[in-house]
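Hello,

I am passing a structure on to you. Please look it over before you read my notes.

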Amino acid sequence: GGAGGAGGGGARGRPRRTRVPAAGPGAAAGDGGGEKAALAQRNLMRVGKAVGQLGWASFWAQLSMSLVSVTILIFSTAFRSQGGPPVAIILTVFGVVSLLFSTFWTFRYTRLGRRLRAAAQAPDGVGQGAPPVPAVDRRFALGVNTNMLGLGVTLLGMEANVGLLVAKTLTNATANPFLAGGAGSWNPVLALDVFLIQAATNTCVGHFLSIVFNMWMQRVLRG
């Protein structure tokens, strides 16, 4: 009886070992999934902030250039003495219209940035409600193509207007308006002709800035 009690007491006094389950592949996968989700959230937030900030900067730059161009273009065409719009005005108008479309398209980038930031903070999962990367890239590509087309057409209009001014300058160099019959060939260079070049220049600057911001956002998206 004593031996049994001693044996029982020894068994009760011996500390019990607790087995700790080894970390299986499921736990490791869970930790890796959490790290990937956190990385995706940071990347999505970074892209959303960059698209929003660059979108606003590009929008205001294009809006200022387009408004100045529209004002100068209206002023120069309303008080122009020649009958019928020349090719230079038609090409410049196309460039200004394409810049206005690009300005509207760039404003959508600011909404896109807000949407990406909201998707990064979505409670039901990172990326819920965010557009796919190829769709966002196509938006930026459309903006670049629009600006390239508008920039090219505006440069053609500027070239046509510069050629007209050169022709006027060469004609006036050989004409004397004070001689009999010379007044008919006298066609001076007007300030309105120079205003048209200013409108085309502002339009080209707006398209160039939009191309720079679009390519910048594409780099952020692909980075």
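Below are my notes on aromatic pairs, a surface patch and a salt bridge.

This is a predicted model, in which local features need pLDDT of at least 70, side-chain atom pairs count only at pLDDT 80 or more, and totals for chains, interfaces and linings use all residues. Residues are numbered from 1 along each chain as its sequence is written, and side-chain values use heavy atoms, with hydrogens and water left out.

Aromatic pairs

The whole structure holds nine aromatic pairs. Rings of Phe, Tyr and Trp (its six-membered ring) pair if their centres lie within 6.5 Å; planes under 30 degrees apart are stacked, over 60 edge-to-face, and the rest tilted. Trp 56 and Trp 60 are stacked, because their ring centres are 6.4 Å apart and their planes are at 20°. Both sit in helix α2 (residues 25-78), four residues apart, so about one helical turn separates them. Helices here are DSSP runs (H or I, at least four residues), numbered from the N terminus.

How open are these residues? Buried means under 20% relative accessible area, exposed over 50%, and partly exposed in between (1.4 Å probe, protein chains only). Trp 56 is partly exposed at 33%. Trp 60 is exposed at 51%. Trp 60 also pairs edge-to-face with Phe 59, at 5.2 Å centre to centre and 70° between the planes. Phe 59 is buried, at 12%. Ring pairs join Trp 56, Phe 59, Trp 60 and Phe 107 into a cluster.

Surface patch

Phe 75, Phe 79 and Phe 195 make a nonpolar surface patch, with about 320 Å² of accessible area together. Patch residues have over 30% relative accessible area and no salt bridge; nonpolar side chains (Val, Leu, Ile, Met, Phe, Trp, Tyr) are joined within 5 Å, like charges within 9 Å. Areas come from the Shrake-Rupley method with a 1.4 Å probe, and for residues only the protein chains shown count as cover. Phe 79 lies in the loop between α2 and α3 (87-120). Phe 79 is exposed, at 56%.

Salt bridge

A salt bridge needs a side-chain nitrogen of Lys or Arg within 4 Å of a carboxyl oxygen of Asp or Glu. The count is one. Asp 137 and Arg 222 form it, at 3.0 Å, N to O. Asp 137 is in helix α4 (residues 133-174) and Arg 222 in helix α5 (residues 191-222), so the pair ties together parts 85 residues apart in sequence. Arg 222 is exposed, at 60% relative accessibility.

Best wishes

Terms used. Helix = DSSP H or I, 4+ residues; strand = E, 2+ residues; numbered from the N terminus.
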